[in-house]
Amino acid sequence: MTTLLDGYRDHIVATHKQPLFLLLVGFITSFVFIRFSVRMIRAKVRWWPGNVTPGGLHIHHMVFGLGFLLAGGIGVFATYGGRPWIDVFGLLFGIGCGLVLDEFALILHLDDVYWGEQGRKSVDAVIFGILFTGLLLVGYVPLGAEPSGETRWGLVTVISVNAVAMVVTLLKGKMWTGLLGIMVPGISWIGAIRLARPSSPWARWRYATRPRRRARALRRERRLHRRADVARTWLFDLIAGAPDKVPANHPAAHRVAERMAARATAHLDAHAARALARRSARLADRRSAAAAGAGAAPAAGGHGYPSGPTGPAAAGREPGAKGQAQQRRRTVRAGRSRSYAARPTGLEPRPDRHPHLRTHTRRIRR
């Protein structure tokens, strides 16, 4: 115990890192407490208080986290960073960070996905925040090494190479390898040399014209990364709880499907869509003209009525067909949606009636 106190005084208090240390303590403590609280609420434990719902409105703990962040940030500026207030406000700021980042997925998706698969991004954000704060606490350099006059440029070179390797590792889709490489340089270098994951930005940029390398990445994904993903999922379930299994007919699943369909439709080229509409309009015009010609031929030869090209029926039908075609073309140019009347297939149009033929019967009066 005495050794721990002496180490705390030498490495934390003497180096003026106590506010940052308290911030990290508040960060971790608030995250652990709020995860325990929500899991008790989810399990419907009687002895644990439930959600804060004044008037039926569910207030997320992110709101309380914003309050702690404002109190800590404004308090440091108001007290000019003097002691002991900077330590108190550092602890409050860390508590706010834990409460806000625990609902990072809700802020990102603007939807209550806390117990969904998207909610795992909150755990990623919290772990990244803790690692970054720990990096600042050990002194901005890997492994806590202190630069001196002789080794200064060597450490700068190591840190620069490590930073480049970390960025390449993250682009290859190996998030945890890149984050751990901040603290241990060798891990990020290995991740930067090895193959990228098939769904990573690096694979989309570099493996598009290299089918053999992409096939190797897919084989490695099936063989190795799936096992690592199973272990990662088990660890996240242990920390944050297992997500809800949403059925296919759940409204949330429908919302996700609609968003994906909207994004896919948004990438459709407007010029290609307009050209497709023009081709559809021309095809509909040809079909209507062919149907009009097929209807006029049986009427002229089968019944002997004057409905040929010079007849009054044909003269009245042709301007109507031309007017409909012009209306469709104007609609396509304007970009509005169109609807065509569907004619039953396999039925010929009704022939024109003779002008002297009665079309109704006389009413019989009693």
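Is F21 buried, partly exposed or exposed? F21 counts as partly exposed, because its relative accessibility is 26%, and the buried class stops under 20%.

## The chain at a glance

This is a predicted model. The protein chain holds 14 helices and zero strands. Read from the N terminus, its elements run α-α-α-α-α-α-α-α-α-α-α-α-α-α. The chain has 366 residues, and 27% of them are buried.

## Aromatic pairs

The whole structure contains seven aromatic pairs. One of them joins Y8 and F21. The geometry is edge-to-face, with 5.4 Å from centre to centre and 65° between the planes. This pair links distant parts of the chain. Y8 belongs to helix α1 (residues 2–13) and F21 to helix α2 (residues 18–42), 13 residues apart. Y8 is partly exposed, with a relative accessible area of 26%.

Another pair brings F36 and W48 together. The ring centres are 5.3 Å apart and the planes stand at 90°, so this pair is edge-to-face. F36 sits in helix α2, while W48 sits in the loop between α2 and α3 (61–78). Twelve residues separate F36 from W48. F36 is partly exposed, at 39% relative accessible area. Ring pairs also connect F33, F36, W47 and W48 into a cluster.

## Salt bridges

Five salt bridges occur in the structure. One of them joins the side chains of D6 and R9, at 3.1 Å from N to O. Both residues lie in helix α1, three residues apart, which is about one turn of the helix. D6 is partly exposed at 36% relative accessibility. R9 is also partly exposed, at 45%.

D102 and R35 meet in a salt bridge of 2.7 Å, N to O. This pair links distant parts of the chain, 67 residues apart. D102 is in the loop between α4 (85–101) and α5 (104–109), and R35 is in helix α2. D102 is buried, with a relative accessible area of 0%. R35 counts as buried at 4%.

R197 forms a salt bridge with E221, and the closest N and O atoms are 2.7 Å apart. R197 counts as buried at 18% relative accessibility. E221 is buried as well, with a relative accessible area of 17%.

## Surface patches

Which helix gives the largest share of the positive patch? Helix α11 (residues 211–240) does, with seven residues. The patch is formed by R194, R206, R210, R213, R216, R219, R222, R223, R226 and R227. R222 lies in helix α11. R222 is partly exposed, at 48% relative accessible area.

V63 is found in helix α3. V63 counts as partly exposed, with 46% relative accessibility.

R39 belongs to helix α2. R39 is partly exposed at 33% relative accessibility. R39 and A240 are 201 residues apart in sequence. In space, their C-alpha atoms are 8.0 Å apart.

How values were computed. Residues are numbered from 1 along each chain as its sequence is written. This is a predicted model: local features need pLDDT of at least 70, side-chain atom pairs count only at pLDDT 80 or more; totals for chains, interfaces and linings use all residues. Side-chain values use heavy atoms; hydrogens and water are left out. Patches are made of residues with over 30% relative accessible area and no salt bridge: like charges are joined within 9 Å, nonpolar side chains (Val, Leu, Ile, Met, Phe, Trp, Tyr) within 5 Å. Accessible areas come from the Shrake-Rupley method with a 1.4 Å probe; for residues, only the protein chains shown count as cover. A salt bridge is a side-chain nitrogen of Lys or Arg within 4 Å of a carboxyl oxygen of Asp or Glu. Lys and Arg count as positive and Asp and Glu as negative; His and the chain ends are not counted. The place of a charge is taken as NZ of Lys, CZ of Arg, CG of Asp or CD of Glu. Helices (H or I, at least four residues) and strands (E, at least two) are DSSP runs, numbered from the N terminus. Buried means under 20% relative accessible area, exposed over 50%, partly exposed in between (1.4 Å probe, protein chains only). Rings of Phe, Tyr and Trp (its six-membered ring) pair if their centres lie within 6.5 Å; planes under 30 degrees apart count as stacked, over 60 as edge-to-face and the rest as tilted.
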